Amino acid sequence: HENPVMVTRQDWRGPGAGWDAKSVGYWQVNVTAAAEYEFTVRFPAAASAGTASIRLNGASLSKPFAAGVEELVVGRTRVAAGIGKLEAEIEMDASKKIGAHYVTIRRL
C-alpha cells in the first residue's frame with residue numbers, strides 16, 4: 001500500500017537470511033496492484049564491479065555496476081499482483097553473491 005516502500009534485511013526470510021555481510025535472503029511481499037515498478041538497491045560500497053539482480057512475481061531485472069557504487073537503480077519492469085518473494089542479489093564475481101541491504105520499490 002505504501003509508495004514508495006523500502007525493505008531492509010531485518011525483514012528477510014530464508015535459510016541464508018541474516019544481518020552479516022554475506023547473508024542472502026528474500027522478502028515476502030504482497031504486490032497489491034499489477035503495474036510498472038522501479039527498483040533501487042543499496043549495499044556496502046562495492047570493492048569491484050559486479051551485477052545487481054531483482055526477481056519478483058515472474059519479473060526480473062539485472063544491471064551492471066562499477067567498483068565503489070553503493071546505490072543503483074536496477075530498472076523498471078511490470079510486476080504481476082499477488083504474494084511473492086522479492087529477491088535482490090549483488091554478484092561481484094562468480095563465487096560471491098550477497099543480498100542487498102535495502103531495496104526501494106516505487107510504483108510508477
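Analyst: Ser53 lies in strand S4, where a strand is a DSSP run of E with at least two residues, numbered from the N terminus. This is a predicted model, in which local features need pLDDT of at least 70 and side-chain atom pairs count only at pLDDT 80 or more, while totals for chains, interfaces and linings use all residues. Residues are numbered from 1 along each chain as its sequence is written, and side-chain values use heavy atoms, with hydrogens and water left out.

User: Why is Ser53 called buried?

Analyst: Its relative accessible area is 19%. Buried means under 20%, exposed over 50%, and partly exposed in between, with a 1.4 Å probe and protein chains only as cover. Ser53 therefore counts as buried.

User: Which residues are in contact with Ser53?

Analyst: Contact means heavy atoms within 4.5 Å. Leaving aside neighbours within four places in sequence, Ser53 is in contact with Leu61, Ser62, Glu87, Ala88 and Glu89.

User: What makes Arg78 exposed rather than buried?

Analyst: Arg78, in strand S6, has a relative accessible area of 56%, so the residue is classed as exposed. Arg78 still touches Ala34, Ala35, Glu36 and Ala59, not counting residues up to four places away in sequence.

User: What makes S1 and S9 a pair?

Analyst: Two strands pair if DSSP finds at least two bridges between them. S1 and S9 (residues 102-107) have four bridges, in the antiparallel sense. Val5 has Ile105 as its bridge partner in S9, and Met6 has Thr104. S9 is also joined to strand S3 (residues 35-42), by six bridges, and these strands run antiparallel. One of the residues bridged there is Tyr37, whose partner in S9 is Arg107.

User: Why are S1 and S6 called edge strands?

Analyst: The sheet is open, with four strands in the order S1-S9-S3-S6 and antiparallel pairing. S1 (5-8) and S6 (71-79) each have a single partner strand, so one side of each has no neighbour in the sheet. On average, neighbouring strands of this sheet are turned by 20° against each other, direction ignored; the axes are lines fitted to C-alpha atoms.

User: Which residues have the most contacts inside the largest nonpolar core?

Analyst: A nonpolar core is a set of buried Ala, Val, Leu, Ile, Met, Phe, Trp, Tyr and Cys residues joined through side-chain atoms within 4.5 Å. The largest such core has 29 residues, and Phe39, Val41, Ile54, Phe65, Leu86 and Val103 have the most contacts inside it. The elements giving two or more residues to this core are S2 (27-31), S3, S4 (50-56), S5 (59-65), S6, S7 (82-93) and S9. For Val41, the residues in contact beyond four places in sequence include Ala52, Ile54, Leu72, Ile90 and Val103. In soluble globular proteins, nonpolar side chains tend to be buried together.

User: Why does the radius of gyration agree with a compact globule?

Analyst: The rule is 2.2 Å times the number of residues to the power 0.38, and the radius is taken over C-alpha atoms. For 108 residues this gives a value near 13 Å, and the protein chain has 13 Å, so the two agree. The C-alpha atoms fill a box of roughly 35 × 25 × 20 Å along the principal axes.

User: What describes the protein chain as a whole?

Analyst: The protein chain has zero helices and nine strands. Buried residues make up 40% of its 108 residues. Among contacts between residues at least 6 apart in sequence, 65% join residues at least 24 apart. The protein chain exposes about 6,000 Å², and carbon and sulfur atoms supply 49% of this area, computed by the Shrake-Rupley method with a 1.4 Å probe.

Note on methods: Axes fitted to C-alpha atoms, helices over the stretch in contact; angles between N-to-C directions.
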